[in-house]
Amino acid sequence: MGDGGLGTIDDDMPVVGIRILEYALTQAGFRVVNIGSQSSQWECIEAALETAADAILVSSVYGLGEIDCRGLGDKCREAGLADVVRYVGGNLVVTSQTQEWEEVAARFRARGFDRVYSSATRPHQVIDALRGDLSARGRLRGASCAVN
Amino acid sequence: MQVALLLDFGSTYTKVVAVDLDAVRLLGTAQAPSTVASDVTVGLRAALAGLAARGVPTRDPALLLGSSSAAGGLRMVALGMVPALTVEAARCAALGAGAKVIKGYGYKLSLAEVAELEALAPDVILLAGGTDGGDSDTILTNARALAATALSAPVVVAGNKSVSAAVVGLLQEAGKDARLTENVLPELNRLNVERAQRLIREIFIERIVEAKGLDRVRRQVADIIMPTPMAVLRATELLADGPPGAGGLGEVMVVDIGGATTDVHTVASGAPTVAGAVLKGLPEPRTKRTVEGDLGLRVNAVSVLETAESAGLLDRFRLGSDRLPAMVERLVRETAMVPETDQDHALDAALAAVACGVATDRHAGRVEEVWTVHGKVFVQYGKDLRALPAVVGTGGIFAYGRHGREVLAAATRGDPLRLKPAQPRLYIDRRYIMYAAGLLAERHPAVAYQVLADNLVEV
C-alpha cells in the first residue's frame, strides 16, 4: 500500500483525531508518517519529500483550515510533489453550519486538494478513496501518507 | 608504578598527560610546539622531555594512546536530501564522530557544487538521503555524481536502506572506497548516528592517521585512536554517566574554547521542563556536539571582538580601546600567543566570554509561546538545558587564563528565548586533561573518571 503523511498545520491540535486516522490507515496497509500537530506547511512538504510520500492528509478541527492551508498546493507543485495526492478534512471553516458544504469543498479543491472531507467522515471512506486515487496514479505500492 | 601516557597531536601543540594507573592520580602534563608538517615525533619527544624534566617517568609506559586534530582535523562533508532533515542528521553524525563538517549539501548536487566538493577535498564524505523506504532518487543521483569525480576520500553511505547497497555498488564500481552503514535518519523522528560514527572512527584509524603524516607515530610510539574532539566528547560522557557500575555528575555541558573554533558538548536528554511543551524539529542525540567555526580566540579574534564590544564586555573587563585594534591584530597574526600582561588576559577573557555565550546560545534549544484557540502552548525546538546541574570549561583560556569563572558564566546568559543552563555548578579544566580522560576511558574508565573528577576545579 502507499506511503502518506498526516498532520495538522499551524495552530491546530487534533492529536486524537490524527491518531485514530493513523491507526486506521496503518491497519489498511499504509505506511503512515505522522508529523504531529503545530506543523508548518514547509515541515509537511519536507517530510513528504524525505519520505517520498504518495499522499498528504491534512486535518483541521478549529475552523481556520482555510487560512492554514492557503498555498499548500502551489508549494507542493514547487517542491516537485505535484503528483502527490492531497486530502483535507475536519471542521474546515468556523461557520460551517451556515455555509453550503459543496461551496466549502470547492474552495479547498481550488487550493489544490484532491478531496475535502467534513468532520462526519468515517476513516474507511478516506481509505477507499485513497486506494482509488493512488491506483489511478499508478502509485499504489507501499504508499505512505504524511498526516499533518 | 604503571604509567599511562595520553598524547594529543594538535595543530599548534603536541600535548602529553601522564597518569599513575595504580595510585589513580595525575602525574603531570607537558606540551611542545607541534611538528606535524616535518617530523611529528620531534614535537612529541620535546613534550615527553618536558614531562621527564618534572620527574615523571616516561620510559616503558604501560599504556600509550593518542588523539589528533592536526593537519586540519578530520574534515568531512555531509550530503543529504532535505537540509533540515537528512543533511542535519548527517551533520550531527559527523560532528559526534569528532569531525569538522566543512560543508553540507542538500538535494541533488549541482555541477557547481560537485566542482566545489572536489576543490574542498574532504577526508571523508558522509552520504545520506531519504528515510528508510523514502526518497531514493537523491542519494542515487548524488552517488553517480560522486562516482564521476576524481575524489579519493572514503564515502560512508548512510541513507535509505532500500537503495544503500546499490549506492555502495555504484561507487565501488567507480573505484571509490564506499562503505555501507545504517541510515542516519531511518524514520522522520528517529536519529540513528552511532553506527555511522563507529565507521567514521574506523576510517580515521585506518586511513586518515596515515594521510595526516602521523603514521610515524603509529609505527614508533602509540596508537592514535580517535580525533581530539571525539576524545573530549568521550570525556563528557564519562563525566555525566561515570564509569560502568558507578554514578557520574549527571547531565553535563562542556564548553571547549579554542583558537579557531568553540565546541559545545552536552550529554543530556534535553526533555522539556515545561509541562505539555510540544517538541518540534529533528530529535537531538543525548550526546550532542556543536562546532562554531566563527568563534575562535585567535583566528576569528576580529569579528569576536566586534560582538564583545556591542555586548558591553569591554567595559566589564576594563579594556581601554586605544590599544585594542593592535592587540587583536597580533592575536590573529600570532595564533600561538600566550597572554602575559593583565591587558592580554582581560582581552582573552572578553573574547572567550563572547565565544562561550554565543556558542551555548546556538547549542541550546529554544522555546516559543504560541497562542491557540485552546490557550497558550509552548513549542520547543532542540534541547531544554535549564535544569542542567554542571557546566565545564576546557581549553587554554581555562588552563592558563585568569578569568575562568567570568568566561564560563556566559554559558548561563544570553538570548532569553534560549533554554540554557540556569544555575549550574561551574567547573574548569585547569590541568587541560579532558581529552586525556576521554582516551583513557577506552581502557580504564574508572581511573579516567577519578582523575578527571579530582582535577576539575569548581569556580
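pLDDT is the predictor's confidence in each residue, from 0 to 100. This is a predicted model, in which local features need pLDDT of at least 70 and side-chain atom pairs count only at pLDDT 80 or more, while totals for chains, interfaces and linings use all residues. Residues are numbered from 1 along each chain as its sequence is written, chains are lettered from A and ligands numbered from 1 in the order in which they are written, and side-chain values use heavy atoms, with hydrogens and water left out.

**View 1. Confidence in chain A and chain B.** Chain A has an average pLDDT of 77, with 74% of the residues scoring at least 70. For chain B the mean is 90, and 97% of its residues reach 70 or more. The complex is given an ipTM of 0.73 and a pTM of 0.85 by the predictor.

**View 2. Strands 5 and 6 of chain A.** Strands here are DSSP runs (E, at least two residues) and helices are runs of H or I (at least four residues), both numbered from the N terminus.

**View 3. Domains 2 and 3 of chain B.** An automatic or database domain assignment supplies the bounds: domain 1 (3-70 + 212-222), domain 2 (74-204) and domain 3 (234-458). The centres of domain 2 and domain 3 of chain B, taken over C-alpha atoms, are 29 Å apart. In domain 2 of chain B, 14 residues are in contact with eight residues of domain 3 of chain B.

**View 4. The salt bridge between domain 2 and domain 3 of chain B.** A salt bridge is a side-chain nitrogen of Lys or Arg within 4 Å of a carboxyl oxygen of Asp or Glu. The count between these two domains is one. B:Arg201 and B:Glu442 meet through their side chains in a salt bridge (3.0 Å, N to O).

Note on methods
Contact means heavy atoms within 4.5 Å.
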